[in-house]
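Morning, everyone. I have one model to show and a few minutes to do it. Have a look first, then we'll go through some side chains and the backbone.

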Amino acid sequence: MTTRPAPRLPGGDALRRIGHPVPPTDPADASPHSFPDGGRWRTEVPSVESPEALAVVLAESERLGVPVHRVSQGSGVWMLTDAEIAEMVSACAERAVELCLFTGPRGTWDTGAASRTDSGGAGLRARGHDGLAGCVEDALRATSSGVRCLLVADEGVLWTLHRMREAGTLPADTTFKVSALIGPVNPASYAVHERLGADSLNVPSDLTLAHLTEIRRVSRAPMDLYVEAPDDLGGYVRMYEAAELIRRGAPLYLKFGLSRAAGIYPYGAHLRELALATARERVRRGRLVLDLLARHGADGGMSPLGSRHPGELRRFDSDSSSVEALRSS
């Protein structure tokens, strides 16, 4: 078996030749974890809001040779018709791409005013029983149409959907992805989300490399991170860090977001041209990231296309006695 050479650090050789010090890589910082298929990283194209936008992403990914493991939508299951969901499920199944749809009502679109204050209030979290119930309804509708990945933005919704999965009300192979807008920012909160049922966790794109290493010391749950973040998540562009993000954060989904672009949630036909143009450009951004990884010799270790399972993760006990205790409290 041949040993793959260590990735080249950006600019490292040139800087050494002029005597400029280059910080050494510490092997202790590397994540010891991987996906169950042995891969260290996968790819995701976010903000794919309609069957038409999905068709653009799939065609452009084929044209540019960009492997896509997962596409995600941000407007919500409730913003799609049954026919649109079925069309997206079919198109993704044909290409072995995982489809992830956002669940239900969220605080930023609710009648509560706090989310529009400087404090942000409770943000995207589902307000009251009706907000929770709407997310449950979305989950039931989506999974009955063949969707097997749901995006959640509330810890209570996550725990509820996980219990439904454990009870067989949702298909056992359904996975839950935590939104970047409630993403955990420290190792303890990351581990709590894993135990609540998360199979994939968006972390804010401003976390440092050291933060990723700290998280990996307590959890192996897959991590999602925008290599380029939308403006409402900071607009960060971290392409040159991609290899190090993988080394520290594996198993990791590289998300190809887009800065300097207007928001499209909740999506409708009035935003069609913007949605299609930004979908196309997200795939191109993915090509730039993959080219950069290849130039630095860091493009190995990608999961096989069609991979979606997170592996064995740790959970809180969701048996009937625990549920009864929660109800009593």
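Start with W159. W159 has 14% relative accessibility, so it counts as buried. The cut-offs: buried is under 20% relative accessible area, exposed is over 50%, and partly exposed is in between, with a 1.4 Å probe and protein chains only.

A word on provenance. This is a predicted model: local features need pLDDT of at least 70, side-chain atom pairs count only at pLDDT 80 or more, and totals for chains, interfaces and linings use all residues. Residues are numbered from 1 along each chain as its sequence is written, and side-chain values use heavy atoms, with hydrogens and water left out.

Now the aromatic pairs. The rule takes rings of Phe, Tyr and Trp (for Trp the six-membered ring) with centres within 6.5 Å; planes under 30 degrees apart are stacked, over 60 edge-to-face, and the rest tilted. How many aromatic pairs does that give? Two.

Take F35 and Y253. Their ring centres are 5.5 Å apart and the planes stand at 80°, so this pair is edge-to-face. F35 is in the loop between α1 (12–17) and β1 (41–45), and Y253 is in strand β8 (residues 252–256), so the pair ties together parts 218 residues apart in sequence. Helices and strands here are DSSP runs, numbered from the N terminus: H or I with at least four residues for helices, E with at least two for strands. Buried or exposed, F35 and Y253? Both are buried.

Next, W159 with F316. The centres are 6.4 Å apart and the planes are at 80°, so this pair is edge-to-face. W159 belongs to helix α5, and F316 to the loop between α9 (272–295) and α10 (320–328), so parts 157 residues apart in sequence are tied together. F316 has 38% relative accessibility, so it counts as partly exposed.

Charges over rings. The test is NZ of Lys or CZ of Arg within 6 Å of the ring centre and within 35 degrees of the ring normal. The charged end of R42 sits over the F35 ring, 3.7 Å from its centre. R70 has its charged end over the ring of Y253, 3.8 Å from the centre.

Back to α5, for helix packing. Two packed helices are described by the angle between their axes and the distance between the axes. Helix α5 (residues 155–167) and helix α6 (residues 187–196) have axes that come within 8 Å and cross at roughly 35°. Which residues make the contact? From α5, E155, L158, W159 and H162; from α6, H193, R195 and L196. Contact means heavy atoms within 4.5 Å.

The sheet. Eight strands form a closed barrel, β1-β2-β3-β4-β5-β6-β7-β8, with parallel pairing. Strands pair if DSSP finds at least two bridges between them. β3 and strand β4 (residues 149–152) pair in the parallel sense over three bridges. L101 has L150 in β4 as its bridge partner.

Last, backbone checks. A250 to P251 is a cis peptide bond, omega near 0°. P251 is in the loop between α8 (242–249) and β8. Y265 and P266 are also joined by a cis bond, with omega about -10°. P266 is in the loop between β8 and α9. R260 is in the loop between β8 and α9. R260 is not a glycine, yet its phi is positive, near 55°. At 75% relative accessibility, R260 counts as exposed. A96, another non-glycine, has a positive phi of about 55°. A96 is in the loop between α3 (82–95) and β3 (98–102).

Technical notes: Axes fitted to C-alpha atoms, helices over the stretch in contact; angles between N-to-C directions.
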